[in-house]
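User: Can you walk me through this one? I'm new to reading structures.

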Amino acid sequence: MSTRVLAPRRSRRLRIPIIWWLLAATFLIAWLLVSQYGRGDFVAPSNLNNIVERSTALGIVAVGQTFAILVGSLDLSVAYLISVTAVMASFIMQGDPSRVPLALLVVFAIGGVVGVTNGLLVTKARINPLIATLGVGLILRGLLNASFQNFAGSVPASFQYLAYGSIGPIPVPMLLFAALVAIAALTLKRTRFGAHIYAVGGDRATARLSGIRSDRVVIGAHVVTSMTAVLTGLYLASRLRSGAPWIGTDGVYDLESIAAVVVGGTVLAGGRGGVLGTVAGVLIFATLDVMFNQLGIGSYTKQVLRGLIIIAAVAIYAYRSREVVG
Amino acid sequence: MHRLLTALTLLFVLAGLTTALAQSGEFYDPEQLAFELAAMDMEPEGPEGQPWIQAIAPEYIDTSEYATEGPWTVCFSNAGVNNPWRVVGYTTMEAEVELHPDIATFVHVDAEGSDNKQISDISGLLASGDCDILIVSPNTTAALTPAVEAACEQLPVIVFDRGVNTDCPVSFIKPIGGYAFGAAAANFIVEQLPQGGNVLALRILPGVDVLEHRWAGAERIFADAGLRVVGAEFAEGSNAMTKSIVEDYLQLYGTIDAIWMDAGATAVAAIEAFEDFGAPYPIITGEDQQDFLLKWQEEGLTAVAPTFPTYQWRTPIIAATMILSGEDVPSFWVLPQPVVTQETLESYIQPNMPPLHYALCGCEDMPGFPERWGGR
Amino acid sequence: MSEAVVTRTPAWKLALIGVGKVAPVFFVLLVLIVWITILNPRFIEPTFFLNFLRRSAPLMILAAGQLFVVVSGGFDLSQGSLVTLTVLAGALLAFGDPATTWWVILVLYGIGLLVGVFNGSVTSFLRVPSFITTLGMLLTLKGIALLWTGGAPRGSLPDNFRAFGRATIDDVPVLGRLPWAVIILVLLAAFFIYLFHRTVLGKHALAVGDNQRAAALAGINVHLVRISAFTISSLSAVTAGILLGGFSGVSINVGDGLELEAISAVVLGGAALLGGRGNMPAALAGALTLQALFTLLNFLGLPSPLRVTVQGAIIIGAVGFAAWRAVRAGHERGA
């Protein structure tokens with residue numbers, strides 16, 4: 001909202017963000033409940049590994065979604081972009097390692113085009129991001145379903161290293177995810193682009209007055225979001241050995257990534273938050289997921305609890321930050 | 001604005017490229033089609049009246065290597081309970097578990113319709129080390145193959161409903177299949193319309209292999225018989241969309257002689273569209289949902305209902321106890337797949353059951369029937 | 001506060017002035033209807049056109065309710081799940097017994113009231129953004145509906161319940177078969193236009209959406225306005241659910257995606273997301289435009305999947321055009 005007065009940013013020295021307390025609390029409660037009423041050892045290394053494994057696909061795209069939300073936008077087209085990427089990648093690769101570079105080139109190009117399109121629609125055409133990215137998502141969905149009905153092609157065995165390989169005891173996807181988070185966090189904290197993102201998300205008009213080309217920043221953020229959707233698509237193609245047109249929507253990556261970002265403490269209106277919180281948000285969802293499984297809770301109950309937890313988590317932040325909301 | 005247009009143009013060029021690259025007909029497999037059509041006429045082996053333990057042309061394999069003392073822990077990785085067919089099936093499966101005292105623990109994990117989640121579910125179950133045997137109902141065929149392969153290395157695996165692209169599971173259980181389903185419905189329409197006519201095909205979604213097989217089984221039969229397929233529309237399993245589509249086609253063509261459906265959940269909505277329009281009832285093909293069977297009987301429709309029986313959810317539990325006892329099981333366990341016809345309609349109608357209860361659940365004699373399945 | 005005219009002007013005139021400002025949707029609607037009629041001349045025969053209106057009634061009513069939330073600066077993403085809950089719970093409670101219809105409808109509106117007050121209160125008092133509150137409710141309500149029914153429809157809606165969405169009055173002069181749903185739609189549309197353009201509630205909703213702090217300083221009870229807006233939205237979702245359940249019967253996916261269609265309709269009708277600008281007749285026309293678009297795409301015989309693409313492109317195009325006009329007309333915020 002252009003009329004909102006930017007709240008002075010409080011100093012963050014030595015204060016552990018509340019999201020980490022929430023994560024710790026979730027984890028402890030899950031541990032307690034599972035050891036009391038559930039099956040299996042919640043803190044066994046294999047179980048912890050499983051929590052991280054569950055976080056990876058959503059985590060990658062949620063890191064990108066954080067950028068879009070920080071500039072005061074959001075992206076509902078990621079689910080379809082994930083599908084497009086997975087299908088195109090495996091279709092082009094056709095199991096042939098020599099075609100991997102070509103496939104990567106094509107999917108990142110598509111991601112770039114989608115990101116720029118989203119950004120332009122939001123900035124130059126001034127369409128509300130919800131409608132703009134919903135529309136782009138519908139366009140992608142139609143084109144995808146018109147072109148592909150099923151799993152197309154496959155990824156070569158070597159490409160599956162991305163999802164199933166490990167360096168020593170540590171799985172490759174975990175390392176790559178950690179690297180991505182580190183890069184994203186550094187970008188936000190240490191680069192000019194990152195500073196501009198916070199400025200534009202905090203107050204676009206003021207940012208513009210202080211000489212920031214805010215449209216470019218918003219477009220840049222959307223490109224980052226789309227690129228992470230592409231990465232998730234590649235990860236899923238590697239994990240499923242092939243890409244299918246429904247994998248993005250089946251995982252509900254559009255709404256879940258937004259939920260993870262806000263549960264992670266990033267303000268939906270933009271300007272405040274960060275990727276580390278998002279990672280914690282994603283881990284909370286994965287921890288709950290494993291807990292529900294081990295307690296044998298049915299999927300309908302899970303859905304009810306997930307909905308209430310999203311509301312409750314954000315209510316806690318809102319209560320603490322005393323922010324005016326819309 | 002200028003750059004916006006450029007970007008959009010680029011997007012459409014890319015889109016055009018992918019469309020040009022697209023292949024069609026990838027779901028047509030003449031060999032499988034021939035096998036399924038032959039299987040529909042074969043006499044299954046096994047006890048009369050218990051189709052869930054019958055098998056068509058079974059090849060038994062020895063499972064003595066998996067024999068262990070009870071009580072057992074049976075683990076089940078489920079694609080989801082996200083539609084009435086799966087709800088009826090899973091309820092039936094839970095009831096079956098209770099019939100086997102040797103199964104001490106039944107662990108159910110629900111992937112909520114996501115391939116990615118189901119892979120994590122399976123790796124979680126394997127890591128827990130609790131399971132004596134793993135049953136998988138894959139969310140999609142291709143995606144679950146690596147996870148099932150990994151599971152096969154650790155314990156005996158049973159796959160049912162959709163398949164996987166590997167023969168490592170001890171037993172793969174399924175009814176005859178989608179081609180036979182689609183063909184049975186299409187053949188009925190062709191027989192009823194010797195002079196030809198308009199056929200409207202109503203489908204759920206593109207790309208779901210089970211459903212694509214049904215259409216592939218029907219499409220060629222209509223073409224060979226010279227019937228005019230005026231449309232093959234996707235109604236996304238929505239009653240409202242089904243009704244709207246049928247209304248629009250009735251306006252355009254005046255009459256529709258036959259409706260072919262790839263699944264029966266929206267069949268009643270399609271019939272109601274004819275009622276509301278004031279058009280005569282079409283020849284219609286549905287499935288074994290109670291609401292459709294009841295409507296068929298009440299209105300005296302010309303109809304047929306191929307099935308994808310929910311009693312197949314009993315079989316994996318039975319197979320699990322057989323394997324853990326070291327008994328021989330069919331490695332490819334093909335279950336019979338009856339077609340409800342005018343002659344057999346009466347015997348499948350259960351007015352006390354919910355509208356989307358599937359008549360072929362094989363659950364009438366199980367503990368808790370009918371309340372457990374939502375009946376009265 | 002551009003639309004909130006202070007002088008006492010008759011409601012219809014006010015609505016017309018508003019229409020003049022946000023007219024493009026009516027133009028688009030006209031083009032679509034003419035196009036459909038060229039493809040299928042029977043479309044504008046009274047019986048068929050009334051049929052089309054009957055089919056559109058649920059989305060139009062949803063859009064009307066959504067408009068109150070949108071102009072006050074929020075979203076209601078829980079509408080679709082509430083529609084599903086209404087239909088599933090209605091069938092379960094009534095179990096096909098016509099004698100139950102009236103109290104079942106009462107219970108359903110009671111549920112709607114609870115949901116609306118919850119959404120509004122959480123957004124107002126706990127200061128959770130409405131996008132998140134209602135996203136949470138989208139999951140929760142669908143979960144409750146499935147939990148309650150065990151995952152598949154149980155029972156059925158009796159004929160006198162379904163009549164609202166399905167039955168027609170036959171042999172009406174000129175019109176032919178007149179669906180009940182169309183009568184309900186016309187009455188509700190008139191009511192919503194009155195409520196939005198003529199009462200203090202509509203003006204306050206616009207004021208809150210335009211500038212919450214200024215509205216509060218002007219003495220408007222912001223919380224009450226917001227809770228009212230969400231309650232109207234939820235009650236309209238229950239109404240849409242009753243009509244939709246009547247029209248098409250019971251299924252677990254009956255409401256899926258309706259919330260985004262309703263928001264698209266409202267935006268097509270020229271409302272600004274994040275509040276402050278909106279017009280009821282245009283929002284209703286936006287919903288009708290979406291339905292006309294679905295119908296046109298049916299008649300065009302395009303490959304099914306590509307229809308979705310066209311739909312996406314048209315939503316972007318129409319909203320982009322409206323935003324462009326709004327910017328030119330001096331509104332700072334697009335659409």
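User: Anything to know before we start?
Analyst: This is a predicted model, where local features need pLDDT of at least 70, side-chain atom pairs count only at pLDDT 80 or more, and totals for chains, interfaces and linings use all residues. Residues are numbered from 1 along each chain as its sequence is written, and chains are lettered from A and ligands numbered from 1 in the order in which they are written.

User: OK. How many residues of strand E6 in chain B are buried?
Analyst: Five of the five residues of E6(B), 171–175, are buried, so the strand is largely enclosed by the rest of the structure. Buried means that 20 or more other C-beta atoms lie within 10 Å of the residue's own; 12 or fewer is exposed, in between is partly exposed, and C-beta atoms are placed from the backbone. Strands (E, at least two residues) and helices (H or I, at least four) are DSSP runs, numbered from the N terminus.

User: Which way do the residues of E6(B) point?
Analyst: Ser171(B), Ile173(B) and Pro175(B) point one way, and Phe172(B) and Lys174(B) point the other way.

User: And which strands pair with E6(B)?
Analyst: Strand E5 of chain B (residues 157–160) runs parallel to E6(B) and is joined to it by three bridges. Two strands pair if DSSP finds at least two bridges between them. Phe160(B) has Ile173(B) as its bridge partner in E6(B). Strand E13 of chain B (residues 332–335) also pairs with E6(B) in the parallel sense, over four bridges, and there Phe172(B) is partnered by Phe332(B).

User: What about strand E7 of chain B: how many of its residues are buried?
Analyst: Five of the six residues of E7(B), 198–203, are buried. E7(B) pairs with E8(B) in the parallel sense over six bridges, with Asn198(B) opposite Arg228(B). Between E7(B) and E8(B) the chain passes through helix H7 of chain B (residues 209–225), in a right-handed β-α-β crossover. Right-handed means that, with the strands pointing away from the viewer, the path from the first strand over the helix to the second runs clockwise. Four bridges join E7(B) to the parallel strand E9 of chain B (residues 258–261), where Leu202(B) has Met261(B) as its partner.

User: New topic. Is Arg54 of chain C buried or exposed?
Analyst: Arg54(C) counts as buried because it has 27 C-beta neighbours inside 10 Å. Arg54(C) lies in helix H3 of chain C (residues 46–71).

User: What does Arg54(C) touch?
Analyst: Leaving out residues up to four places away in sequence, Arg54(C) touches Pro179(C), Ala181(C), Val182(C) and Phe247(C). Contact here means that the two C-beta atoms, placed from the backbone, lie within 7 Å. Arg54(C) and Leu178(C) are 124 residues apart in sequence and 9.2 Å apart in space, C-alpha to C-alpha.

User: Now chain A. Which residues of H3(A) and H12(A) meet?
Analyst: Val78(A), Ala79(A) and Ile82(A) in H3(A) meet Tyr253(A), Asp254(A) and Ser257(A) in H12(A).

User: Last one: how many residues does each chain give where B meets C?
Analyst: Chain B gives 26 residues and chain C gives 26. On the chain B side, helix H8 (239–253) is among the elements that give two or more residues, and H8(B) gives the most, with nine.
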